[in-house]
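Biologist: Can you take me through this one? I have the sequence and the model open.
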Amino acid sequence: MQKYFNMNNGKSNSKNNSSNRGNKGNQKTSGNAGKKSFSKNAGSNNAAQKSYGKGGGKFFENKPKTKREPQESVSGEMRLNKYISNSGICSRREADIYIVSGNVKVNGEVITELGYRVKPDDVVNFDGSVITPEKKVYVLLNKPKGFATINEPIVSAENVLSLVKSAHNKTLIPVGRMDKTTIGLMLFTNDMNLVQKLNSPEEKVSKLYQVSLDRNLKYTDIEKIKNGLLIDEHKVFVEEIEYVDGQPKTEIGIKLRASNVKIVRALFEKLEYNVIKLDRVMYGSLTKWNLPRGKWRFLTEDEIGSLKRG
């Protein structure tokens with residue numbers, strides 16, 4: 001595992017740019033510098049790793065089978081399911097269901113053929129509304145306290161979406177949820193396929209958290225977490241858990257694949273600890289380098305590709 005912890009909340013020599021490029025001189029770095037990662041050789045449970053909720057039913061079990069999609073033609077034609085997905089309505093997998101169900105029209109004609117290709121001047125109607133594809137946007141935010149993921153028609157000041165509203169002219173979708181007290185890395189995009197992938201119980205992208213507890217974590221309790229704890233009738237396994245080097249034993253590094261941050265809190269609450277602070281410091285290979293608290297930036301092509309490959 002890459003040695004990393006607390007990343008000084010964004011201070012580094014990274015070449016990645018934050019969203020406010022013109023205000024680089026005003027950006028301040030929060031957090032405590034110099035915190036080390038927990039040991040690279042920390043005990044892990046690789047032989048028995050399982051995803052939270054892995055035993056659940058598959059999404060769209062009866063979806064139509066499709067062949068691998070060819071590249072878009074030089075003429076600009078695009079497969080209908082990709083056209084729908086690019087409009088931000090749903091994923092390609094879900095679009096296939098809507099297509100065969102007769103919910104999609106092209107130039108006024110109902111299309112149920114999965115391989116149908118849309119021309120640039122075609123008019124596509126989805127459930128009574130004309131749709132158009134849009135460029136995919138991928139944003140990484142270093143979320144501060146006081147903001148939460150709220151599902152509301154008009155974005156309020158305490159909605160985490162208010163922090164990334166300048167990234168796109170339409171509302172982006174948060175990947176996963178965070179409450180007001182949880183801080184750290186959070187992804188936003190209009191790519192429904194990636195949202196569905198990263199929120200899936202089968203997801204393989206690891207997340208690293210720094211947890212501050214109300215009292216020292218016993219070594220015996222670390223072993224209990226390593227061996228798996230039962231949370232909401234599902235046994236949750238972590239990839240790594242250790243004390244943060246050079247810090248009190250209330251500071252814990254924990255790495256797992258579950259997308260729901262509530263599971264991290266639940267693991268410690270199960271053993272009667274109170275979580276004082278929960279900070280997501282890594283999301284896959286993404287870190288907080290050069291990303292101060294409350295700021296966002298666009299992902300690079302390499303970072304997007306890494307998330308999609310998982």
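Predicted model: local features only at pLDDT ≥ 70, side-chain atom pairs only at ≥ 80, totals over all residues.

Biologist: In which sense does strand E9 pair with E15?

Modeller: E9, residues 183-189, pairs with E15 in the parallel sense, over two bridges. Gly184 stands opposite Arg280 in E15.

Biologist: And which residue stands opposite Thr287 in E16?

Modeller: That is Met282. E15 and strand E16, residues 286-287, run antiparallel and are joined by two bridges. They form a hairpin with two residues between the strands, and Gly284 in this hairpin takes a positive phi near 65°.

Biologist: How many of the nine residues of E15 are buried?

Modeller: Seven of the nine in E15, residues 275-283, are buried, so the strand is largely enclosed by the rest of the structure.

Biologist: What holds strands of a sheet together in general?

Modeller: Backbone hydrogen bonds, with the strands paired either parallel or antiparallel.

Biologist: Change of topic. What is the strand order in the open sheet of four strands?

Modeller: The order is E3-E2-E5-E6, and the pairing is antiparallel. E3 (109-110) and E6 (129-131) are the edge strands, each pairing on one side only.

Biologist: How many bridges join E2 to E5?

Modeller: Three bridges, between residues 104-106 of E2 and residues 124-126 of E5, with the two strands running antiparallel. Lys105 has Asn125 in E5 as its bridge partner.

Biologist: On to helices. At what angle do H3 and H6 pack?

Modeller: H3 (residues 192-199) and H6 (residues 301-309) pack at about 50°, and their axes are 10 Å apart. The two helices are therefore oblique to each other. Their crossing is left-handed.

Biologist: Which residues meet there?

Modeller: From H3, Leu194, Lys197 and Leu198; from H6, Leu307, Lys308 and Arg309.

Biologist: Which residues of H2 are buried?

Modeller: In H2, residues 92-100, the buried residues are Glu94, Ala95, Asp96 and Ile99. What covers them includes helix H1 (80-86), strand E2 and helix H3. Just after H2, Gly102 takes a positive phi of about 80°.

Biologist: How many residues does the largest nonpolar core have?

Modeller: It has 40 residues. Those with the most contacts inside this core are Phe188, Val211, Leu217, Ile241, Ile254, Leu256 and Phe268.

Biologist: Where does the largest share of the core come from?

Modeller: From helix H5, residues 262-270, which gives five residues to this core.

Biologist: Now the totals. How many helices and strands does the protein have?

Modeller: Six helices and 17 strands. The protein has 310 residues, of which 47% count as buried.

Biologist: What share of the contacts join residues at least 24 apart?

Modeller: The share is 70%, taken among contacts between residues at least 6 apart in sequence.

Note on methods
Residues numbered from 1 in each chain as written. Heavy atoms only, no water. Core = buried A, V, L, I, M, F, W, Y, C linked by side-chain atoms within 4.5 Å. Buried < 20%, exposed > 50% of the residue type's maximum accessible area, 1.4 Å probe, protein only. Pairing = 2+ DSSP bridges. Axes fitted to C-alpha atoms, helices over the stretch in contact; angles between N-to-C directions. Parallel < 35°, antiparallel > 145°, perpendicular 65-115°, else oblique. Left-handed = near helix turned anticlockwise from the far one by under 90°. Contact = heavy atoms within 4.5 Å.
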